[in-house]
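Please examine the sequence and the structure shown here.

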Amino acid sequence: MKRMSVLTATALILSILLMRAPVTSVGPVAEALRRTLGVSYETYGIVSSLPVLMFGLAGFSAPLLFSHLSTRTALSAVLGLLAAGLALRLIEALSTLLVGTLLIGAGIAILNTVIPVLLRHLFPGHISKALGIYTAATGCSSFLGALFAIPLLNATGTYAAALGLWVVFAVPAAMAWLFSDSLQLPDLRICEKGFFSLSSVAGSFRNLPVILTMSLQSLVVYAMIAWLPTLLISRGMDPKNAGLALSVLLIGATAASLLIAPMIRLFGSEARLSFALTVLSILPLALLFFPGDWPFLGCALLSVPHGARFSLALILISKSSASLSQMLALSSLSQGIGYVLASLGPFVCAALYPGDAHWTGV
């Protein structure tokens with residue numbers, strides 16, 4: 001483990017805090033957003049898909065960005081981009097919402113790919129544990145975004161507060177990275193001779209399970225994050241409990257991610273664990289359509305595969321990489337493809353839900 005300065009630790013913690021909250025805060029205030037802006041469910045489907053789509057498209061740019069800028073400068077720029085997007089979402093207008101969401105998605109996309117690489121550099125002997133804690137921390141970010149969205153809406157009377165107030169964390173994070181100790185950070189400016197290109201990663205058949213694991217995890221999770229509250233409200237649940245149900249899912253996922261190392265030992269291999277998590281993520285879905293408190297149980301059961309699968313994907317990325325540059329390239333490729341596929345989830349939900357409290361085929 002490498003000793004971190006206060007600035008580096010602060011920048012890392014604030015960055016991780018911002019990696020999901022700006023996305024998970026949207027679902028609980030979806031109805032208020034639609035009413036204020038006068039948009040359809042199809043338009044909301046686009047809004048909820050944009051950040052995840054950007055997670056994929058912008059994620060591919062991470063190796064290029066970090067090959068031309070120092071790690072400290074690049075991270076500061078990324079957090080500045082994120083801050084600009086959050087500030088734009090404070091304005092109640094569809095245009096600023098869309099542009100801000102695009103910037104937020106691009107900023108988080110690059111953080112998605114590089115933060116695991118930083119953790120491998122900072123905790124070389126404890127990478128599985130570090131990635132499990134990191135996943136739990138991003139789960140906390142997801143939970144906080146969903147938990148505070150409705151209270152912020154009620155306190156301010158505007159959906160924009162729930163979506164944009166996270167800027168108060170993004171600006172300090174950008175400054176902390178800018179003035180952090182560059183000697184504590186890895187140099188990811190890769191020379192041409194040692195460059196591990198995206199094409200060479202894509203051509204390696206052994207990386208296919210990594211890409212598929214990340215894709216499946218991303219597809220299911222972000223469809224749930226964007227549409228679970230709307231689904232539950234359409235089934236008769238009040239908005240406060242619908243947001244609470246999403247929080248149950250995210251809290252449980254946070255706890256499950258901390259148990260990834262024991263889970264791998266229990267099942268004997270990453271492949272067996274991945275299969276088990278896939279099965280466990282399918283069975284509880286029916287409970288979401290039951291009346292009363294059954295959806296809370298469904299969310300609790302779904303939280304285990306959701307949390308563990310993300311940790312598992314990151315561990316596979318690290319184990320498949322011989323160096324930090326390889327890990328950055330593979331992280332960029334697998335998360336890029338995974339999140340592009342994940343962006344289809346909210347679109348499918350929008351197609352299934354015409355806004356009349358009835359889901360197609362349900």
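Helix H8 (127-156), helix H12 (208-234), helix H13 (239-257) and helix H16 (294-319) each contribute at least two residues to the lining of the largest cavity. Helices here are DSSP runs of H or I with at least four residues, numbered from the N terminus. On a 1 Å grid over the protein atoms alone, a cavity is a set of points where a 1.4 Å probe fits but cannot get out, and lining residues have an atom within 4 Å of a point. The model is predicted: local features need pLDDT of at least 70, side-chain atom pairs count only at pLDDT 80 or more, and totals for chains, interfaces and linings use all residues. Residues are numbered from 1 along each chain as its sequence is written, and side-chain values use heavy atoms, leaving out hydrogens and water.

The volume of the largest cavity is about 220 Å³, a volume being the space filled by probe spheres set on the grid points, which are joined across faces, edges and corners. Of its 19 lining residues, Ser142, Gln217, Val221, Ala253 and His306 are the closest to its centre.

The largest nonpolar core has 70 residues. Such a core is a set of buried (under 20% relative accessible area, 1.4 Å probe, protein chains only) Ala, Val, Leu, Ile, Met, Phe, Trp, Tyr and Cys residues joined through side-chain atoms within 4.5 Å. Helix H7 (residues 94-122) gives the most to this core, namely 12 residues. Ile115 and Tyr134 have the most contacts inside the core. A second, separate core of 18 residues includes Tyr44, Ala160, Ala162 and Leu163.

Definitions and conventions
1 Å grid on protein atoms, 1.4 Å probe; cavity = no way out; pocket = protein on both sides within 12 Å on 5 of 7 lines; lining within 4 Å. Buried < 20%, exposed > 50% of the residue type's maximum accessible area, 1.4 Å probe, protein only.
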